[in-house]
Amino acid sequence: MLSIEHGSSIDSFAAVTVIARRKLNYSDRPLPALRGDLLISRAQTAATITFNDLSPAFTPMTKNELLNALHHLYGNLLLGNILLGFSDSIDWKLVGTMIHEVRSPNVAFTADLGPVFGSTTSLRKDQPTMVDEFQKMLRRSVVAESFEVLGLYCRESAQTDKLHGLTWYQFARILRNTVSHKRGELINWPPELEKKGISSVTWRHRTLDSSMVGKPLQMYDAEILALITDEISFVETSLS
């Protein structure tokens with residue numbers, strides 16, 4: 001188990017794509033077009049986000065696209081678990097001596113792995129490692145993106161009331177806000193809940209309450225997978 005609090009690693013660039021929703025090109029692997037009002041392109045030397053005047057008309061997300069997105073996020077976390085299971089057998093000192101070249105059609109970027117893998121990863125007992133940071137980053141992005149894409153579909157299909165009516169909606173919302181802002185602590189208790197005198201929200205076996213404000217939250221991979229499973233079930237059984 002690792003905290004989902006923010007560490008020193010850079011947050012997943014993929015988290016931006018759900019909000020941008022128009023088009024993402026990452027390295028030499030273009031992804032399917034996403035809808036929205038921004039055009040995002042990731043060159044090998046820099047990331048740029050530019051507004052554009054593309055037609056405001058776009059095709060709303062379909063239910064199958066939503067389910068595919070949630071299943072992919074579920075699979076991303078599983079794949080991360082599988083790959084990280086091999087991390088203890090990696091000779092990180094050897095990796096730290098390597099040079100890695102990333103090639104795209106028009107650009108090649110050469111990275112010295114020494115500064116990244118040659119120092120922190122050899123000190124697993126005393127400080128966070130690149131492996132640990134990668135795992136936390138993956139958890140944060142999966143939690144945030146699954147909530148964002150679900151909310152997006154409900155807004156586009158005029159089914160937001162169904163989403164807000166879920167007994168665990170506020171739990172998922174608070175969790176999403178926690179992993180997306182600042183250092184991963186519960187920033188504040190939602191004002192709308194406070195006005196209603198609601199000081200705790202529950203999902204399955206977990207409860208979040210107002211006394212946790214200012215404290216980091218912890219989430220197990222199994223819990224995140226279970227949460228996405230509940231989101232998938234909601235889409236399949238309750239949304240049109």
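Which residue forms a salt bridge with Glu-101? Arg-103 does, with the closest N and O atoms 2.8 Å apart. By salt bridge I mean a side-chain nitrogen of Lys or Arg within 4 Å of a carboxyl oxygen of Asp or Glu.

Some ground rules. This is a predicted model, where local features need pLDDT of at least 70 and side-chain atom pairs count only at pLDDT 80 or more, while totals for chains, interfaces and linings use all residues. Residues are numbered from 1 along each chain as its sequence is written, and side-chain values use heavy atoms, with hydrogens and water left out.

Back to Glu-101. Its bridge partner in strand S6 is Thr-110. Strands S5, residues 99-103, and S6, residues 108-112, run antiparallel and are joined by 5 bridges; strands pair if DSSP finds at least two bridges between them. The two form a hairpin with 4 residues between them. Helices (H or I, at least four residues) and strands (E, at least two) are DSSP runs, numbered from the N terminus.

On accessibility, buried means under 20% relative accessible area, exposed over 50%, and partly exposed in between, with a 1.4 Å probe and protein chains only. Glu-101 is partly exposed at 38%, and Arg-103 is exposed at 55%.

The structure holds 7 salt bridges. In another one, Arg-176 meets Glu-148 at 2.6 Å, N to O. That pair links distant parts of the chain, 28 residues apart: Arg-176 lies in helix H7, residues 169-180, and Glu-148 in helix H5, residues 130-156. Arg-176 is buried at 16%, and Glu-148 is buried at 16%.
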